[in-house]
Amino acid sequence: MLDTFARMPPEEKQIWWQVAAGLLALMLGLLWLESRYFKPSARVGSWLSVRLMSILAALPTVAIVIVPARAVGGPAALGLFILSLYTLAPLVWFGSHVLVGRRVRPVLTVLESLALGVTGLAILAIPGTAYFAMEGPLNAASREIGQRREVPADNPPLEHQVQPVQRYNLAGAGLIYTQSLIGAPDMRLVRVELRQGGQWPKDQSTAHPVYCTHGNDVHLMWSAKEPPPYLRLHWAQSNGSVIRSEFTPQIAFEAAPPAAEFSMGFRPDGVDPIAPIPRARAYLVLTKEGLAPYTQILGNPPGAGEVRTTDCVMTGFKRVTSTEDWQVQAIGLLFYLPTGSAALRSLIERP
């Protein structure tokens, strides 16, 4: 939410600040009305003590409802949540108000203390309701901001050598683009994130067919029918500090040379593509005399005993196998379109 708010245009920020100021004024106004009730009896100090206690009591009241339910989990969690909500939570909340109300001087009656507990819930409900109400608009704003392809104005410079975007014609997929980001010698790539639907991934194990990494280098490949990838690169400098920078390819259509054919060199145990291919979008077709062809999905997790130093299919790529008599007959590439239509499939066969 804070990241979304920071990227909003100034006029939108002003509206949100005005709403926040209005809610704060409403809460302060209700507190002021409460204090006016106790002023004639000179018990404003007692009221303030009970109200400060409300802030301290809010945390254990919420914890006594949430913590046991999360500890149990499963179907029983809901029952325990409801039970705590209607038994223990009121006991802690209203009991603490009555206890403090009886100890302050001048003393507050039990009814007055209980009334402060009720009005305190009403006042606390204002920011709570506002939080849930603003989730939808902020998520929509986050998606809208996420669709923009302009990097932030304060974006740190990328410590990679950005190679030009290359254009290729690929049978079955049409026009595709590739680009390489070559890491500097004194940096270490920590991780790469791909923004999808305006959101950054929370699960780092998610497949990423648009890019792959080879050491500190990042290689991109996407179809002309897909939006250009929008990445966030994290790398560690020589002093150990981690820097984060956003990147998206810039394609100069007017100055682009004619697209070349995407060529592939074949070896019995591997392939040599003209440009790096993310493993997540590739598969091999293997043949052996007397047997039906076998498909090996390259994006699958590493097999037993397999050690991968890259998630790219690039020059010198060799398949991991326990038998040498299977030979690479073809390599297939899949491009998953965001519109929900069928994926583009290209199959490059050995001559």
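Start the tour by selecting C212 and C312: the link between them is right-handed, with 105° about the S-S bond. This is a predicted model, so every stop below is a place in a prediction.

**Stop 1: the disulfide**

Keep C212 and C312 selected and show their side chains. The two residues form a disulfide, with sulfur atoms 2.1 Å apart. The pair joins distant parts of the chain, 100 residues apart. C212 sits in strand 5, which covers residues 211-214, and C312 sits in strand 15, residues 312-313. The count of disulfides comes to one.

Are C212 and C312 buried or exposed? C212 has a relative accessible area of 1% and is therefore buried. C312 is buried as well, because its relative accessible area is 1%.

**Stop 2**

Side chains of opposite charge can pair when their charged atoms come close. The count of salt bridges here comes to seven. To see one of them, select R51 and E34, whose closest N and O atoms are 2.8 Å apart.

R51 counts as buried because its relative accessibility is 10%. E34, with a relative accessible area of 10%, is also buried.

**Stop 2: the nonpolar patch**

Stay with helix 2, which runs over residues 10-38, and select L30 within it. L30 has 31% relative accessibility, so it counts as partly exposed. Together with L30 they form a nonpolar patch on the surface. The accessible area of the four residues together is about 400 Å².

**Stop 3: M134 in helix 6**

Next, select M134, which lies in helix 6, residues 110-146.

M134 and T109 are 25 residues apart in sequence, and their C-alpha atoms are 38 Å apart in space.

**Stop 4: E193 and R191**

Move on to E193 and R191, which form a salt bridge with closest N and O atoms 3.5 Å apart. How are the two partners covered? E193 has a relative accessible area of 4%, so it is buried. R191 is partly exposed, because its relative accessible area is 34%.

**Stop 5: a salt-bridge network**

Now extend the selection to D272 and K318. Salt bridges with shared partners join these residues, R267 and D269 into one network.

Key: Residues are numbered from 1 along each chain as its sequence is written. This is a predicted model: local features need pLDDT of at least 70, side-chain atom pairs count only at pLDDT 80 or more; totals for chains, interfaces and linings use all residues. Side-chain values use heavy atoms; hydrogens and water are left out. Helices (H or I, at least four residues) and strands (E, at least two) are DSSP runs, numbered from the N terminus. Patches are made of residues with over 30% relative accessible area and no salt bridge: like charges are joined within 9 Å, nonpolar side chains (Val, Leu, Ile, Met, Phe, Trp, Tyr) within 5 Å. Accessible areas come from the Shrake-Rupley method with a 1.4 Å probe; for residues, only the protein chains shown count as cover. A salt bridge is a side-chain nitrogen of Lys or Arg within 4 Å of a carboxyl oxygen of Asp or Glu. Buried means under 20% relative accessible area, exposed over 50%, partly exposed in between (1.4 Å probe, protein chains only). A disulfide is a pair of cysteine sulfur atoms within 2.5 Å.
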